[in-house]
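Here is a short briefing for a first look. Keep the sequence and the 3D view open as you read.

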Amino acid sequence: MQQKSTASLFSAWPRVQALWNFVRPQRVHLAALVVGGLGVMGFAPFGYAPVMLLSLTVLFAFWWRAPNPVSSAKLGLWYGLGFFGVGASWLFSSIYFYAEVLLPLALLLTLAWVLYLTLFIVAASWVAGHLKRTPALTLLGIFPALWVLFELFRGWLFGGFPFLLSGVSHLHTWLDGYAPVLGVWGLSWALALTAGALLLLWQTRAWLLGSVLVVSVWLGGLGLQQVQWVTPNGKPVDIALLQGNIPQEQKWQADMFGPTMERYIQMTRLNLDAEVIVWPETAIPAYYDVVEKGALKTFIADAQLLQKDILVGVIAGGPRSENYYNALINLKDPQQRYYKHHLVPFSEYFPFDGAFRFLSSVFSIPYATFSAGSPEQPPMTLGGRQVGLSICFEMAFGEELARQLPQAEYLITVSNDAWFAHTLEPAQQVQDVQMRALELGREIARATNTGYTLVAGVDGQIKAQIPVYQQGVLRTQVQPYQGLTPYAQWRQLPILLALLLSLGLALLLARRHDARSDASHVA
């Protein structure tokens with residue numbers, strides 16, 4: 001038996017050695033790590049958009065110079081570790097400081113998370129290594145299309161993790177004119193085309209082709225910015241967005257329930273002249289079925305007596321319910337409810353439920369799952385207007401929010417960013433809100449526990465905001481709109497067709513070029 005175990009160990013050793021040889025970095029891989037990490041500077045809260053363009057250009061240069069697909073994939077691995085290791089390691093904050101997972105396991109889970117996101121860049125790099133042909137076709141057709149296609153794939157697999165999409169970095173540049181037409185993916189493609197064209201200029205000195213493409217892409221975005229896709233519809237709505245600033249480590253403590261409710265009720269009473277009042281995600285840290293009969297019974301009765309639209313974040317269901325939901329409920333009419341549909345994978349639900357229940361019991365990891373609401377929930381009537389709703393993570397999915405249009409005249413989203421307080425995540429999520437407002441042609445009011453509480457206009461700019469990590473109320477107006485942007489109408493279909501057409505045409509032309517080259521050699 002011992003001899004078999006020893007033989008198995010020795011037979012596995014070449015595989016381990018091969019894996020180590022693949023992972024082991026050299027200078028060029030450390031350079032890729034740094035370039036990937038620097039790319040995050042293009043996103044909020046930093047906002048240095050040209051850095052992301054430079055980072056992507058250098059990645060394409062790595063792809064172009066890699067001698068084979070494996071070398072290209074290895075460069076993609078180290079680039080991705082830098083990019084997501086800097087830009088998405090905020091997950092550690094939630095699982096270590098607030099979920100109280102042991103430090104070694106928290107580090108391991110964060111590394112697994114970063115590696116998972118990195119695998120999409122690794123796959124894109126490997127495919128790029130296989131498909132690259134002539135400089136023009138590769139840098140203008142193949143590389144840009146692959147980059148965006150794998151971003152789309154990352155935004156879909158296992159429910160999707162569309163964090164740090166490259167196009168978001170170029171919000172508030174001329175390229176954001178593509179957002180109402182092709183969504184954030186259009187910005188990513190325009191950015192990737194620019195990166196490919198710049199590299200083409202550097203590699204081949206094809207000044208005319210590269211310059212014309214860069215100018216055309218950027219002027220095209222500028223021209224689209226001048227188009228008014230939607231129009232205001234009626235008077236603005238007076239809205240109060242509450243920010244309770246309850247620390248995450250205190251939020252679910254039993255002795256904090258009373259003070260938390262007193263804080264939100266007091267802020268609500270001071271703003272009862274607003275048409276709509278919004279509490280953040282799970283601002284009520286309890287089951288609605290319990291509080292409506294107990295602690296908040298009088299307050300709910302007052303809201304119904306005053307016929308005041310007070311939208312609160314709460315857990316719908318009760319301790320004995322089979323299903324419970326991350327919900328928004330209108331206290332004026334508790335039958336008006338929105339149940340979060342797009343749950344966070346491996347957090348609010350688990351794709352492999354049985355396995356995670358076992359791991360939870362072994363490693364003492366907190367484990368619970370929400371039920372998903374219907375994907376086709378209609379807008380809610382608030383302040384006499386039709387309002388589209390979403391909760392936290394759902395703001396990352398413009399194509400899903402578009403389901404509530406054109407009926408929804410503006411959008412409300414709530415979140416609890418206290419899970420990621422003082423990390424890069426809250427600022428990154430604000431950029432998602434701004435991008436969705438631009439894509440969908442609807443103003444978005446966002447109420448959060450600790451910030452950022454704000455209103456984003458249809459131009460993607462922040463219209464109003466209150467300081468983060470402070471208790472406060474954002475009292476402002478939201479303008480309803482009517483009409484549809486092309487993206488809200490067609491969603492991802494146009495960009496997907498454009499990318500596949502671009503990639504297919506580039507490969508077809510490359511094949512013809514190869515055929516002519518082979519024929520000339522034979523002759």
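Predicted model: local features only at pLDDT ≥ 70, side-chain atom pairs only at ≥ 80, totals over all residues.

**Nonpolar cores**
- The largest nonpolar core holds 95 residues. Leu56, Phe60, Tyr79, Phe83 and Trp147 touch the most other members.
- Helix H8 (residues 179–204) gives this core its largest share, 14 residues.
- Beyond its neighbours within four places in sequence, Phe60 contacts Phe143, Pro144, Trp147, Ala192, Ala195, Gly196 and Leu199.

**Ser415**
- Ser415 sits in strand E10 (residues 410–415). Its relative accessibility is 0%, so Ser415 counts as buried.
- Leaving aside neighbours within four places in sequence, its contacts include Pro280, Cys392, Gln429 and Arg446.

**Salt bridges**
- The whole structure has seven salt bridges.
- Glu409 pairs with Arg385 at 2.9 Å, N to O. Glu409 is in the loop between helix H15 (398–401) and E10, and Arg385 is in strand E9 (residues 385–391), so the pair ties together parts 24 residues apart in sequence.
- Glu409 is buried at 11% relative accessible area, and Arg385 is buried at 14%.
- Arg446 bridges to Asp417, with the closest N and O atoms 2.7 Å apart. Both residues are buried.
- Arg436 and Glu439 meet at 2.7 Å, N to O. Both lie in helix H16, three residues apart, about one turn of the helix.
- Asp238, Asp273 and Arg475 form a network of salt bridges.

Definitions and conventions. Residues numbered from 1 in each chain as written. Heavy atoms only, no water. Core = buried A, V, L, I, M, F, W, Y, C linked by side-chain atoms within 4.5 Å. Buried < 20%, exposed > 50% of the residue type's maximum accessible area, 1.4 Å probe, protein only. Helix = DSSP H or I, 4+ residues; strand = E, 2+ residues; numbered from the N terminus. Contact = heavy atoms within 4.5 Å. Salt bridge = Lys/Arg side-chain N within 4 Å of Asp/Glu carboxyl O.
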